[in-house]
Amino acid sequence: MESVTKKVISEEELKKILDSVYNYKRKLMSYLELTDGCFNNSYHLIFEDGEQVVLKVAPPKDVEVLTYEKNMMETEVQVMRMVEENTCVPVPHIIAFDCSKTIIDSPFFLMEYLEGEPFNKLYDKFSDEILLGIHKKVASYAKEIHQVKAPFFGLLNQTSCQFQTWYPCFVKLMKDLFDDLSRKDYVVPFSEDEIMNILFENQEAFMEVKEPVLLHKDIWDGNVFVREDGTISGLIDFERAIYAEPLLDLVCSMKEETVHYIRAIGLSEDFTENEKIRIAFYRFYLFFMMSIEIPYRKYSDQGFIDWIEKVMREHYQALKKL
(Lines give C-alpha, C1' and ligand atoms only; values in the text may rest on other atoms or scores of the structure.)
Protein backbone atom coordinates (compact mmCIF):
# COMPACT_ATOMS: atom_id res chain seq x y z
CA MET A 1 0.00 0.00 0.00
CA GLU A 2 1.17 3.52 -0.79
CA SER A 3 2.29 5.59 2.21
CA VAL A 4 4.63 8.55 2.62
CA THR A 5 6.40 6.62 5.39
CA LYS A 6 7.71 4.03 2.93
CA LYS A 7 11.22 5.10 1.93
CA VAL A 8 12.19 4.28 -1.66
CA ILE A 9 15.92 3.59 -1.74
CA SER A 10 18.17 4.27 -4.71
CA GLU A 11 20.58 1.77 -6.24
CA GLU A 12 23.41 3.79 -4.72
CA GLU A 13 21.88 3.48 -1.23
CA LEU A 14 21.31 -0.23 -1.74
CA LYS A 15 24.95 -0.68 -2.73
CA LYS A 16 26.09 1.19 0.39
CA ILE A 17 23.98 -1.09 2.57
CA LEU A 18 25.23 -4.31 1.02
CA ASP A 19 28.87 -3.20 0.95
CA SER A 20 28.70 -2.32 4.65
CA VAL A 21 27.03 -5.59 5.64
CA TYR A 22 28.94 -7.99 3.40
CA ASN A 23 32.26 -6.11 3.16
CA TYR A 24 32.04 -5.85 -0.65
CA LYS A 25 31.89 -9.66 -1.00
CA ARG A 26 28.37 -10.18 -2.34
CA LYS A 27 27.06 -9.54 -5.84
CA LEU A 28 23.41 -8.67 -6.18
CA MET A 29 21.55 -10.26 -9.08
CA SER A 30 18.14 -8.60 -8.65
CA TYR A 31 15.90 -6.80 -6.19
CA LEU A 32 12.19 -6.09 -6.00
CA GLU A 33 10.22 -3.69 -3.84
CA LEU A 34 7.57 -5.52 -1.82
CA THR A 35 4.29 -3.61 -1.93
CA ASP A 36 2.56 -5.08 1.15
CA GLY A 37 2.74 -3.17 4.41
CA CYS A 38 1.84 0.40 5.34
CA PHE A 39 4.80 1.81 7.30
CA ASN A 40 8.30 0.53 6.55
CA ASN A 41 9.43 -0.39 3.06
CA SER A 42 10.80 -3.83 2.18
CA TYR A 43 12.82 -5.29 -0.68
CA HIS A 44 13.36 -8.87 -1.81
CA LEU A 45 17.05 -9.30 -2.72
CA ILE A 46 18.50 -12.19 -4.72
CA PHE A 47 22.29 -12.65 -4.83
CA GLU A 48 24.32 -14.21 -7.60
CA ASP A 49 24.84 -17.39 -5.55
CA GLY A 50 21.06 -17.81 -5.21
CA GLU A 51 20.70 -16.69 -1.59
CA GLN A 52 17.59 -14.61 -0.92
CA VAL A 53 17.14 -12.04 1.86
CA VAL A 54 14.75 -9.24 2.73
CA LEU A 55 15.84 -5.67 3.36
CA LYS A 56 13.55 -3.57 5.54
CA VAL A 57 14.00 0.21 5.68
CA ALA A 58 12.48 2.64 8.20
CA PRO A 59 10.76 5.88 7.10
CA PRO A 60 12.83 8.88 5.99
CA LYS A 61 13.94 11.08 8.89
CA ASP A 62 11.88 14.04 7.72
CA VAL A 63 8.58 12.12 7.67
CA GLU A 64 6.30 12.79 10.64
CA VAL A 65 5.10 9.65 12.43
CA LEU A 66 2.73 8.87 15.29
CA THR A 67 4.15 8.93 18.82
CA TYR A 68 3.97 5.17 19.27
CA GLU A 69 5.76 4.66 15.95
CA LYS A 70 9.03 6.24 17.14
CA ASN A 71 11.89 3.72 17.43
CA MET A 72 9.70 0.97 15.97
CA MET A 73 12.47 -0.65 13.95
CA GLU A 74 14.62 -1.00 17.07
CA THR A 75 11.66 -2.67 18.75
CA GLU A 76 11.08 -5.00 15.83
CA VAL A 77 14.67 -6.25 15.75
CA GLN A 78 14.85 -6.56 19.55
CA VAL A 79 11.62 -8.57 19.72
CA MET A 80 12.44 -10.84 16.78
CA ARG A 81 15.73 -11.73 18.45
CA MET A 82 13.94 -12.21 21.77
CA VAL A 83 11.39 -14.55 20.21
CA GLU A 84 14.06 -16.48 18.30
CA GLU A 85 16.11 -16.99 21.48
CA ASN A 86 13.31 -17.74 23.95
CA THR A 87 10.60 -19.58 21.99
CA CYS A 88 10.07 -22.12 19.23
CA VAL A 89 8.04 -19.61 17.19
CA PRO A 90 9.44 -19.38 13.63
CA VAL A 91 10.69 -15.89 12.81
CA PRO A 92 13.16 -14.68 10.17
CA HIS A 93 16.73 -14.57 11.43
CA ILE A 94 18.16 -11.05 11.62
CA ILE A 95 21.32 -10.89 9.48
CA ALA A 96 22.27 -7.28 10.16
CA PHE A 97 20.79 -4.16 11.74
CA ASP A 98 21.94 -0.54 11.59
CA CYS A 99 20.27 2.41 13.32
CA SER A 100 23.21 4.82 13.09
CA LYS A 101 21.84 6.58 9.97
CA THR A 102 25.42 6.89 8.75
CA ILE A 103 25.15 4.37 5.90
CA ILE A 104 21.82 5.70 4.66
CA ASP A 105 19.63 8.28 6.41
CA SER A 106 17.22 5.67 7.81
CA PRO A 107 17.59 2.62 10.06
CA PHE A 108 17.49 -0.69 8.20
CA PHE A 109 17.90 -4.40 8.72
CA LEU A 110 18.46 -7.48 6.61
CA MET A 111 16.65 -10.68 7.49
CA GLU A 112 16.18 -14.22 6.30
CA TYR A 113 13.76 -14.68 3.38
CA LEU A 114 10.71 -16.77 4.26
CA GLU A 115 9.28 -19.44 2.01
CA GLY A 116 5.63 -19.23 1.01
CA GLU A 117 3.13 -16.40 0.88
CA PRO A 118 1.09 -14.34 3.33
CA PHE A 119 -1.73 -16.47 4.71
CA ASN A 120 -4.41 -13.93 3.72
CA LYS A 121 -3.61 -14.62 0.05
CA LEU A 122 -4.00 -18.39 0.36
CA TYR A 123 -7.51 -18.94 1.70
CA ASP A 124 -8.70 -20.55 -1.55
CA LYS A 125 -5.67 -22.84 -1.77
CA PHE A 126 -6.46 -25.02 1.28
CA SER A 127 -9.32 -27.09 2.63
CA ASP A 128 -11.33 -25.86 5.60
CA GLU A 129 -9.57 -28.42 7.78
CA ILE A 130 -6.12 -27.16 6.84
CA LEU A 131 -7.21 -23.51 7.24
CA LEU A 132 -8.48 -24.27 10.74
CA GLY A 133 -5.20 -26.01 11.58
CA ILE A 134 -3.21 -22.98 10.43
CA HIS A 135 -5.34 -20.61 12.53
CA LYS A 136 -4.90 -22.80 15.61
CA LYS A 137 -1.14 -23.01 15.03
CA VAL A 138 -0.88 -19.22 14.75
CA ALA A 139 -2.79 -18.90 18.02
CA SER A 140 -0.42 -21.37 19.69
CA TYR A 141 2.51 -19.23 18.52
CA ALA A 142 0.87 -16.12 19.97
CA LYS A 143 0.37 -17.98 23.24
CA GLU A 144 4.05 -19.00 23.27
CA ILE A 145 5.12 -15.39 22.71
CA HIS A 146 2.96 -14.46 25.69
CA GLN A 147 5.08 -16.74 27.86
CA VAL A 148 7.91 -14.20 27.56
CA LYS A 149 7.55 -12.24 30.79
CA ALA A 150 7.91 -8.48 30.78
CA PRO A 151 9.51 -6.04 33.26
CA PHE A 152 6.78 -3.41 32.78
CA PHE A 153 3.66 -2.48 30.82
CA GLY A 154 4.24 -0.41 27.71
CA LEU A 155 6.50 0.26 24.75
CA LEU A 156 9.90 -1.39 24.71
CA ASN A 157 11.88 1.59 23.39
CA GLN A 158 10.01 4.57 24.82
CA THR A 159 10.71 5.17 28.49
CA SER A 160 7.86 7.70 28.69
CA CYS A 161 5.42 4.85 28.06
CA GLN A 162 6.61 2.27 30.60
CA PHE A 163 4.53 1.64 33.73
CA GLN A 164 4.21 -0.86 36.54
CA THR A 165 0.43 -1.09 36.12
CA TRP A 166 -1.74 -1.37 33.03
CA TYR A 167 -4.34 1.38 33.51
CA PRO A 168 -1.94 4.38 33.44
CA CYS A 169 -0.13 2.77 30.53
CA PHE A 170 -3.32 2.51 28.49
CA VAL A 171 -4.21 6.09 29.46
CA LYS A 172 -0.83 7.20 28.06
CA LEU A 173 -1.37 5.26 24.83
CA MET A 174 -4.75 6.95 24.37
CA LYS A 175 -3.47 10.44 25.23
CA ASP A 176 -0.59 10.02 22.77
CA LEU A 177 -3.11 9.36 20.00
CA PHE A 178 -5.00 12.54 20.87
CA ASP A 179 -1.71 14.47 20.87
CA ASP A 180 -0.98 13.06 17.42
CA LEU A 181 -4.47 14.02 16.28
CA SER A 182 -3.96 17.62 17.46
CA ARG A 183 -1.08 18.04 15.01
CA LYS A 184 -3.23 17.28 11.97
CA ASP A 185 -6.29 18.82 10.37
CA TYR A 186 -8.38 15.70 10.83
CA VAL A 187 -11.84 15.62 12.39
CA VAL A 188 -13.26 12.85 14.60
CA PRO A 189 -16.80 12.73 16.09
CA PHE A 190 -15.65 12.84 19.73
CA SER A 191 -13.43 14.85 22.05
CA GLU A 192 -10.49 13.79 24.15
CA ASP A 193 -12.35 14.71 27.33
CA GLU A 194 -15.30 12.51 26.38
CA ILE A 195 -13.20 9.42 25.71
CA MET A 196 -10.91 9.89 28.70
CA ASN A 197 -13.91 10.36 31.00
CA ILE A 198 -15.41 7.07 29.81
CA LEU A 199 -12.03 5.42 30.38
CA PHE A 200 -11.77 6.90 33.89
CA GLU A 201 -15.26 5.65 34.75
CA ASN A 202 -14.21 2.13 33.73
CA GLN A 203 -10.72 2.06 35.20
CA GLU A 204 -11.56 -0.82 37.55
CA ALA A 205 -11.78 -3.12 34.52
CA PHE A 206 -8.11 -2.38 33.80
CA MET A 207 -6.93 -2.65 37.39
CA GLU A 208 -7.40 -6.42 37.40
CA VAL A 209 -4.66 -6.85 34.76
CA LYS A 210 -1.63 -7.68 36.90
CA GLU A 211 1.05 -9.30 34.74
CA PRO A 212 2.58 -7.83 31.57
CA VAL A 213 3.66 -10.22 28.83
CA LEU A 214 5.15 -9.80 25.38
CA LEU A 215 2.61 -9.29 22.56
CA HIS A 216 3.20 -9.30 18.82
CA LYS A 217 0.12 -6.99 18.56
CA ASP A 218 -0.31 -7.39 14.80
CA ILE A 219 -0.74 -11.11 14.09
CA TRP A 220 -3.29 -10.74 11.35
CA ASP A 221 -3.13 -13.29 8.55
CA GLY A 222 -1.05 -11.02 6.30
CA ASN A 223 1.82 -11.29 8.78
CA VAL A 224 1.85 -15.10 8.72
CA PHE A 225 3.83 -16.80 5.95
CA VAL A 226 2.57 -20.21 4.87
CA ARG A 227 4.19 -22.77 2.56
CA GLU A 228 2.40 -24.70 -0.19
CA ASP A 229 1.98 -27.70 2.12
CA GLY A 230 0.14 -25.62 4.73
CA THR A 231 2.99 -25.35 7.21
CA ILE A 232 3.94 -21.97 8.66
CA SER A 233 7.39 -20.70 7.69
CA GLY A 234 7.32 -17.69 9.99
CA LEU A 235 5.71 -14.63 11.54
CA ILE A 236 6.78 -11.13 10.48
CA ASP A 237 6.23 -7.46 11.37
CA PHE A 238 6.95 -7.30 15.08
CA GLU A 239 7.41 -3.52 15.12
CA ARG A 240 4.20 -2.89 17.08
CA ALA A 241 5.15 -5.32 19.85
CA ILE A 242 4.29 -4.19 23.35
CA TYR A 243 4.30 -5.44 26.93
CA ALA A 244 0.62 -5.71 27.84
CA GLU A 245 -2.13 -8.32 28.34
CA PRO A 246 -3.05 -11.11 25.88
CA LEU A 247 -6.56 -9.73 25.37
CA LEU A 248 -5.08 -6.74 23.53
CA ASP A 249 -3.26 -9.11 21.17
CA LEU A 250 -6.51 -10.92 20.47
CA VAL A 251 -8.32 -7.71 19.52
CA CYS A 252 -5.46 -6.28 17.44
CA SER A 253 -5.42 -9.58 15.51
CA MET A 254 -9.19 -9.12 14.99
CA LYS A 255 -9.84 -12.61 16.34
CA GLU A 256 -11.86 -11.72 19.45
CA GLU A 257 -14.96 -13.38 17.97
CA THR A 258 -13.21 -16.51 16.69
CA VAL A 259 -13.82 -19.23 19.29
CA HIS A 260 -11.20 -21.74 18.16
CA TYR A 261 -8.54 -19.00 18.09
CA ILE A 262 -9.54 -17.71 21.53
CA ARG A 263 -9.25 -21.19 23.01
CA ALA A 264 -5.95 -21.94 21.27
CA ILE A 265 -4.44 -18.69 22.56
CA GLY A 266 -5.25 -19.83 26.08
CA LEU A 267 -8.26 -17.65 26.85
CA SER A 268 -11.94 -18.36 27.43
CA GLU A 269 -14.60 -17.20 25.00
CA ASP A 270 -16.90 -16.58 27.98
CA PHE A 271 -15.57 -13.09 28.61
CA THR A 272 -16.20 -11.51 32.01
CA GLU A 273 -17.88 -8.10 32.21
CA ASN A 274 -14.51 -6.44 32.83
CA GLU A 275 -12.98 -8.23 29.85
CA LYS A 276 -15.87 -7.07 27.66
CA ILE A 277 -15.19 -3.49 28.77
CA ARG A 278 -11.51 -3.79 27.92
CA ILE A 279 -12.32 -5.39 24.55
CA ALA A 280 -14.57 -2.42 23.74
CA PHE A 281 -11.73 -0.01 24.54
CA TYR A 282 -9.15 -2.05 22.63
CA ARG A 283 -11.38 -2.11 19.55
CA PHE A 284 -11.81 1.64 19.73
CA TYR A 285 -8.10 2.17 20.36
CA LEU A 286 -7.15 0.07 17.32
CA PHE A 287 -9.41 1.87 14.85
CA PHE A 288 -8.82 5.31 16.35
CA MET A 289 -5.11 4.67 15.81
CA MET A 290 -5.71 3.49 12.24
CA SER A 291 -7.84 6.59 11.58
CA ILE A 292 -5.11 8.96 12.74
CA GLU A 293 -2.69 7.14 10.45
CA ILE A 294 -4.73 8.41 7.48
CA PRO A 295 -3.49 12.05 7.54
CA TYR A 296 0.01 11.00 8.60
CA ARG A 297 0.52 8.41 5.88
CA LYS A 298 -1.60 10.16 3.24
CA TYR A 299 -3.36 7.00 2.10
CA SER A 300 -4.90 7.18 -1.35
CA ASP A 301 -7.19 4.12 -1.16
CA GLN A 302 -10.57 5.75 -0.42
CA GLY A 303 -12.27 2.40 0.13
CA PHE A 304 -9.74 1.54 2.85
CA ILE A 305 -10.16 4.98 4.42
CA ASP A 306 -13.97 4.71 4.42
CA TRP A 307 -13.83 1.28 6.07
CA ILE A 308 -11.48 2.43 8.85
CA GLU A 309 -13.57 5.50 9.64
CA LYS A 310 -16.85 3.55 9.59
CA VAL A 311 -15.56 0.93 12.04
CA MET A 312 -14.04 3.60 14.27
CA ARG A 313 -17.42 5.32 14.55
CA GLU A 314 -19.08 1.99 15.40
CA HIS A 315 -16.61 1.33 18.21
CA TYR A 316 -17.06 4.88 19.50
CA GLN A 317 -20.80 4.27 19.75
CA ALA A 318 -20.09 1.04 21.65
CA LEU A 319 -17.95 2.95 24.16
CA LYS A 320 -20.76 5.41 24.81
CA LYS A 321 -22.96 2.51 25.95
CA LEU A 322 -20.55 1.34 28.66
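1. Asp218 sits in the loop that joins strand E9 (213-215) to strand E10 (224-226); helices (H or I, at least four residues) and strands (E, at least two) are DSSP runs numbered from the N terminus. With a relative accessible area of 16%, Asp218 is buried. Buried means under 20% relative accessible area, exposed over 50% and partly exposed in between, using a 1.4 Å probe and protein chains only. Beyond its neighbours within four places in sequence, Asp218 is in contact with Asn223, Asp237, Arg240 and Asp249, where contact means heavy atoms within 4.5 Å. Asp301 lies 83 residues from Asp218 along the chain, and their C-alpha atoms are separated by 21 Å.

2. A word on the source before going further. This is a predicted model, in which local features need pLDDT of at least 70 and side-chain atom pairs count only at pLDDT 80 or more, while totals for chains, interfaces and linings use all residues. Residues are numbered from 1 along each chain as its sequence is written, and side-chain values use heavy atoms, with hydrogens and water left out.

3. Lys255 is another residue worth a look. You will find Lys255 in the loop between helix H7 (246-252) and helix H8 (259-264), and it is buried, at a relative accessible area of 8%. Setting aside neighbours within four places in sequence, the contacts of Lys255 are His135, Ile219, Asp221, Leu250, Tyr261 and Ile262.

4. Glu117 belongs to strand E6 (residues 117-118) and counts as partly exposed, with 38% relative accessibility. Apart from neighbours within four places in sequence, Glu117 touches Leu122, Lys125, Val224, Phe225 and Val226. Glu117 and Asn223 are 106 residues apart in sequence, yet 9.5 Å apart in space, C-alpha to C-alpha.

5. Now to the helices. Helix H4 (residues 166-182) packs with H5 at an angle of about 170 degrees, the axes being 11 Å apart. Axes here are lines fitted to C-alpha atoms, for helices over the stretch in contact, and angles run from 0 to 180 degrees between N-to-C directions. H4 and H5 are therefore roughly antiparallel to each other; angles under 35 degrees count as roughly parallel, over 145 as roughly antiparallel, 65 to 115 as roughly perpendicular and the rest as oblique. From H4, Tyr167, Phe170, Val171, Met174, Lys175 and Phe178 meet Glu192, Ile195, Met196, Leu199 and Phe200 of H5. The residues of this contact comprise 9 nonpolar, no polar and 2 charged.

6. Glu194, Ile195 and Ile198 of H5 make the contact with Tyr316, Leu319 and Lys320 of H10. Those residues divide into 4 nonpolar, no polar and 2 charged.

7. Two lysines deserve a check of their backbone. Lys101, in the loop between strand E4 (94-98) and strand E5 (108-112), has a positive phi of about 60 degrees although it is not a glycine. Lys298, in the loop between helix H9 (273-297) and H10, has a positive phi near 55 degrees. Lys101 is partly exposed, at 44% relative accessible area, whereas Lys298 is exposed, at 58%.

8. Finally, the cysteines. The structure holds 0 disulfides, a disulfide being a pair of cysteine sulfur atoms within 2.5 Å. Cys88 is exposed at 68% relative accessibility, and Cys99 is partly exposed at 38%.

Note on methods. Ala, Val, Leu, Ile, Met, Phe, Trp, Tyr, Cys and Pro count as nonpolar, Asp, Glu, Lys and Arg as charged, and the others, Gly among them, as polar.
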